[in-house]
Amino acid sequence: MKYNSLFFGSIGTLIETSDLQRESFNEAFKEAGLDWYWDQEDYRLLLKQSGGTKRIEDFAEKNNTTVEAQKIRERKTEIFNQKLLTEQLMPRDGVIDVIEYAKNNQIKLGFVSSTTKDNVNSVFLALKNFLSEDDFDFVGNNTMIKNPKPHSDIYIEAIKRLNIEPNKCIAIEDSRESALSAHHAKISCIAFPGSFHEEDNYDFCSKIMLKLDTSIFN
């Protein structure tokens, strides 16, 4: 076996949340008195820019509008986290089987996210019947790093804390921007595209999979 560590990256590698995120942005815009509405095609294009606050800032600039982007992003996160707890969401195809295989074969597991701690907590609460934070040897969040994805900071932090070599790790990411984070850290990456990222260019990834299975370790 080539790898001794497996890193799930963004929230979207565990659970499909893109449309839930989009709905949460739209609700936050409405509460802020904005007449903005991001439909699925709008949001697909906006996702090419990492970071919700930056998306809001760029959108406001294009529409000659001044907004409190950080405040709107924080409210969007609150709405999103509430939706995670009330919607009956399932893990993505193959995720639980791969996690169980890793645990049974002494492969270290990381959840290498650069999102907020609140978001991370909400994901584990939403999936509490399937997995928990205790299943992972490393769980990341934005307080650990200076630069979010697509910078490599969070992957470098995970490698350091777990005391492992990049060439012994494999990462799973759901978008090109997030996959670049692993790539920049010299970690082999499998693309596991989310529903809004299927047309992204993953030419630097070792595999592209729509359902995970244990062949990722070969």
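Predicted model: local features only at pLDDT ≥ 70, side-chain atom pairs only at ≥ 80, totals over all residues.
Helix α1 covers residues 18–31. Its 14 residues should span 20 Å at 1.5 Å a residue. The end C-alpha atoms of α1 are 20 Å apart, which agrees with that expectation. Just after α1, Gly33 adopts a positive phi of about 80 degrees.

In general, an α-helix has 3.6 residues a turn, so residues three or four places apart point the same way.

Ser18 belongs to α1. Its relative accessibility is 9%. Buried means under 20%, so Ser18 counts as buried. Leaving aside residues up to four places away in sequence, Ser18 touches Tyr43, Ser195 and Phe196. Ser18 and Ser195 are separated by 177 residues in sequence. In space, their C-alpha atoms are 7.1 Å apart.

The packing of α1 with α4 was examined next. The axes of these two helices come within 8 Å and cross at roughly 130 degrees. Helix α1 is therefore oblique to α4. The crossing is right-handed. On the α1 side, the contact is made by Leu20, Gln21, Glu23, Ser24, Phe25, Glu27, Ala28, Phe29 and Glu31. On the α4 side, Ile72, Arg75, Lys76, Ile79, Phe80, Lys83 and Leu84 take part. By class, this contact has eight nonpolar, two polar and six charged residues.

Helix α3 comprises residues 52–62, and α4 comprises residues 69–86. Their axes come within 9 Å, with a crossing angle of roughly 130 degrees. The two helices are therefore oblique to each other. This crossing, too, is right-handed. Gly52, Thr53, Ile56 and Glu57 of α3 make the contact with Ala69, Gln70, Ile72 and Arg73 of α4. By class, the contact of α3 with α4 has three nonpolar, three polar and two charged residues. Ile72 of α4 takes part here, and Ile72 also belongs to the contact with α1.

Definitions and conventions. Residues numbered from 1 in each chain as written. Heavy atoms only, no water. Axes fitted to C-alpha atoms, helices over the stretch in contact; angles between N-to-C directions. Helix = DSSP H or I, 4+ residues; strand = E, 2+ residues; numbered from the N terminus. Parallel < 35°, antiparallel > 145°, perpendicular 65-115°, else oblique. Left-handed = near helix turned anticlockwise from the far one by under 90°. Contact = heavy atoms within 4.5 Å. Nonpolar A, V, L, I, M, F, W, Y, C, P; charged D, E, K, R; others polar. Buried < 20%, exposed > 50% of the residue type's maximum accessible area, 1.4 Å probe, protein only. Expected span 1.5 Å × (residues − 1).
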